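I want to look up a helix, a loop residue and the overall totals.

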Amino acid sequence: MGAVQPRTRKGFSLQRVGSLSNMASVVNSHLVNLHTISPLSSDKQVSDAWHKALQARLSAREKIHASLETNLDEQLNYAKRLILLTNQRLIGLTWPALEFCEYPLGEDLALHQRDHAGIGCIELFAAGTRLAWWRYTMAHDPEATRFVRQFEQVLGGLLSGQPIVEAQPVLCPQCLMPLVPGQDECAYCDVETEAPPSSWVLLRLWRFAKPYRWQLLAGFLLMLASTAATLVPPYLTMPLMDKVLIPYENGSPINTDMVTLLLGGLFGSALLAWGLGWARTYILALVSERIGTDLRTITYDHLLHLSLEYFGGKRTGDLMARVGSESDRICLFLSLHLLDFATDVLMIAMTTAILISIDPWLALVTLLPLPLIVWMIHSVRQKLSTGFEKVDRVWSQVSNILADTIPGIRVVKAFAQEKRESARFRQVNQNNLAVNDRINKIWSLFSPSVTLLTEIGLLVVWAFGIWQVTHNKISVGVLTAFLAYISRFYTRLDSMSRIVSVTQKTASGAKRIFDILDRVSSVPEPVRPQHLDSIIGRIEIREAGFRYGNRAIIKDMNLVIEPGEMIGLVGHSGSGKSTLVNLMCRFYDVSEGSISIDGVNIRSLPIAEYRHNIGLVLQEPFLFFGSIAENIAYGKPHATLAEIVAAARAAHAHEFILRLPHGYDSLVGERGQGLSGGERQRISIARALLIDPRILILDEATASVDTETEKEIQKALDNLVRGRTTIAIAHRLSTLHKANRLVVMDRGEIVETGSHDELMQREGAYFRLYQAQARNVDTDLDDQSISAPENGKESAE
């Protein structure tokens with residue numbers, strides 16, 4: 001916490017608290033509304049100490065309305081600070097020194113909140129004089145926003161004489177952290193629901209199955225016929241027993257014709273069941289594979305059309321697992337397990353009908369274990385659904401570590417962190433094992449229990465059947481047929497119970513895929529798109545503002561860039577330069593105002609059509625696995641070799657490409673492995689040249705290369721910017737000497753515009769930045785500050 005030096009001033013005091021052992025408790029605990037602020041810190045030791053210190057400071061009628069824990073000190077080091085708002089004053093508390101700053105509430109007191117370069121700050125003013133300030137990282141920004149609003153509410157209530165109404169904070173159902181007033185999404189966690197998946201989510205797969213409904217109908221009819229064919233042999237055992245075998249034991253001759261007919265029927269039904277089963281399995285397997293293919297394709301296509309905002313909060317391994325393994329699990333379920341389940345249901349239904357037609361009482365005894373099995377399935381299903389949801393998420397963590405470590409293996413080896421990464425993977429893998437063990441504990445009890453119930457049911461049928469045979473109520477043949485049907489019935493019942501596990505796994509995977517498909521892009525396509533035959537390149541930004549969560553990144557910005565003009569964006573890290581470029585590319589949409597191209601709001605243009613006119617060269621160029629030629633032609637896949645070579649020549653890349661073993665056909669490793677940073681950058685410039693864009697954006701295109709390479713890249717850039725509207729971001733001001741105008745940004749606002757000479761004459765923010773670079777005051781030229789040089793005080797604040 002920062003504060004003015006202790007001085008005599010009416011209404012304000014800065015005091016140091018003595019040791020905790022000397023504190024006297026002067027407040028009744030029930031008067032302190034600790035419910036709204038407890039625990040005061042995630043650290044129990046800190047929280048307990050603060051509670052004791054507060055009890056010694058608060059008066060009997062004082063009530064705490066809000067609290068805020070910050071985590072930075074005046075030098076931006078990590079340190080615990082606490083701000084308390086009571087009905088009488090504002091209290092600041094430090095740790096571990098336990099120093100208090102107290103400010104009585106009054107009409108001249110005001111609390112302001114701002115953020116800059118990833119650091120948030122709350123400032124306390126009285127009559128325009130800053131009394132104190134507290135800094136924090138942006139993870140605490142939602143809590144800080146809530147605290148400022150509660151301060152205004154409490155102060156307004158005191159000044160108006162109205163009672164202060166305590167508003168209970170709305171908590172996020174996932175992480176139980178307070179939601180910022182006026183916002184529905186939690187700033188602490190992903191907004192995707194964590195509720196256990198319901199099996200009903202599988203019905204949503206009909207959207208993908210509908211194009212194949214006639215094949216599915218044919219498969220269902222074949223399934224019905226094949227199931228019926230498998231039920232014929234037990235029925236034929238009744239006459240075989242009653243009219244052939246039992247009469248033969250009693251001395252009657254065997255009826256050869258009847259035996260031949262019955263055995264022929266058994267063979268024919270088996271052959272028919274085989275043929276129908278093969279056709280059914282083949283058709284449904286083809287359909288399920290196509291459904292799985294469509295599911296993967298549509299999910300991936302939808303994923304590509306989501307905005308960068310979505311990808312900012314997702315792990316690569318998690319998304320890969322959803323599109324890959326989850327869709328494979330669904331495909332396997334549709335082609336195998338769902339087919340078995342449908343067959344089981346049909347078999348049970350048909351068997352039940354046959355059993356009732358033969359002997360209703362014996363059929364009733366057969367069905368006795370069924371209600372208990374259904375109850376067990378229902379009770380276990382909920383536990384399994386929750387468990388498999390956890391399994392999927394833990395498995396995503398495994399995939400995330402692989403997705404992080406394998407592409408970054410050079411960094412892992414460079415810092416000798418193999419053991420650390422191995423331990424991290426081992427820990428996540430153990431978590432996966434523990435979750436699976438809990439599920440297996442449930443499943444290992446459930447499955448044998450179902451088997452036990454079916455065996456008991458079979459014994460009951462034997463006992464009741466023997467009793468009926470001895471009382472001449474049924475024949476031995478009927479009992480034999482019954483036992484054959486019951487064997488099929490209980491086998492299918494046991495199989496159907498086992499599918500509960502597979503169904504819940506599939507439902508979990510389907511839910512995670514539909515989480516992607518249900519996500520709506522924050523950069524939508526226009527409802528009534530406008531089309532521009534040709535783009536001249538005039539860009540107008542009018543009163544534009546952009547907020548990322550609770551942070552105001554761009555504020556009330558106005559800027560006009562004429563066609564063919566080169567604009568240089570300069571400013572310290574976090575001033576909003578890259579955000580402004582992202583808004584121009586429509587990777588994000590402005591929260592306020594508008595951005596227009598040739599007088600047309602870019603929100604009215606089809607996204608792909610608009611971006612075809614933008615060439616983007618990034619600080620860290622991304623190259624795909626493939627040949628050099630394929631990477632250059634990425635934005636224009638049907639480009640001829642002559643066009644590719646011409647673009648490479650203009651980008652000063654042709655010479656080094658020819659030195660590669662296979663020239664333009666040389667394979668580029670993943671993310672450009674095997675090429676130097678300058679070579680990758682020149683290929684990136686050639687890629688931008690090939691599409692001949694009217695608007696060019698250079699985002700730190702020469703920031704990460706050496707001086708000689710920078711000269712080569714600068715020559716390529718000179719060819720690239722000629723005749724195009726260009727927006728260039730650079731920390732090295734020397735790279736912007738050809739810019740028509742320089743736009744100096746600070747804290748999301750334009751503070752200066754003009755040419756280099758004009759800005760130097762003003763001796764403002766640009767002048768200070770230029771002088772700092774010229775004198776090499778800041779050794780890291782990639783992280784400059786345009787703020788006043790008085791020990792960096794104003795910049796830090």
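For packing, I count a contact when heavy atoms lie within 4.5 Å. Helices (H or I, at least four residues) and strands (E, at least two) are DSSP runs, numbered from the N terminus. This is a predicted model, where local features need pLDDT of at least 70, side-chain atom pairs count only at pLDDT 80 or more, and totals for chains, interfaces and linings use all residues. Residues are numbered from 1 along each chain as its sequence is written, and side-chain values use heavy atoms, with hydrogens and water left out.

**Helix H17.** I looked up residues 641-650 and found Ile644, Val645, Ala647 and Ala648 buried (under 20% relative accessible area; exposed is over 50%, partly exposed in between, 1.4 Å probe, protein chains only). Down the axis of H17 they fall within an arc of 160°, so they line one face of the helix; the arc is taken from the directions from the helix axis to the C-beta atoms. What do they pack against? I get helices H16 (628-632), H18 (654-658) and H19 (677-690). Exposed Ala642 and Arg649 sit on the face turned away from the buried side. Just after H17, His652 has a positive phi of about 55°.

**Asn613.** I find this one in the loop between helix H15 (607-611) and strand E15 (614-617). A polar atom of its side chain is 2.9 Å from the backbone oxygen of Glu609. Leaving aside residues up to four places away in sequence, Asn613 touches Ile535, Pro693, Arg694 and Ile695.

**Whole chain.** I noted 23 helices and 21 strands. Of the 797 residues, 47% are buried.

Technical notes
Polar contact = N/O pair within 3.5 Å; in protein donor to acceptor, adjacent residues only side chain to side chain.
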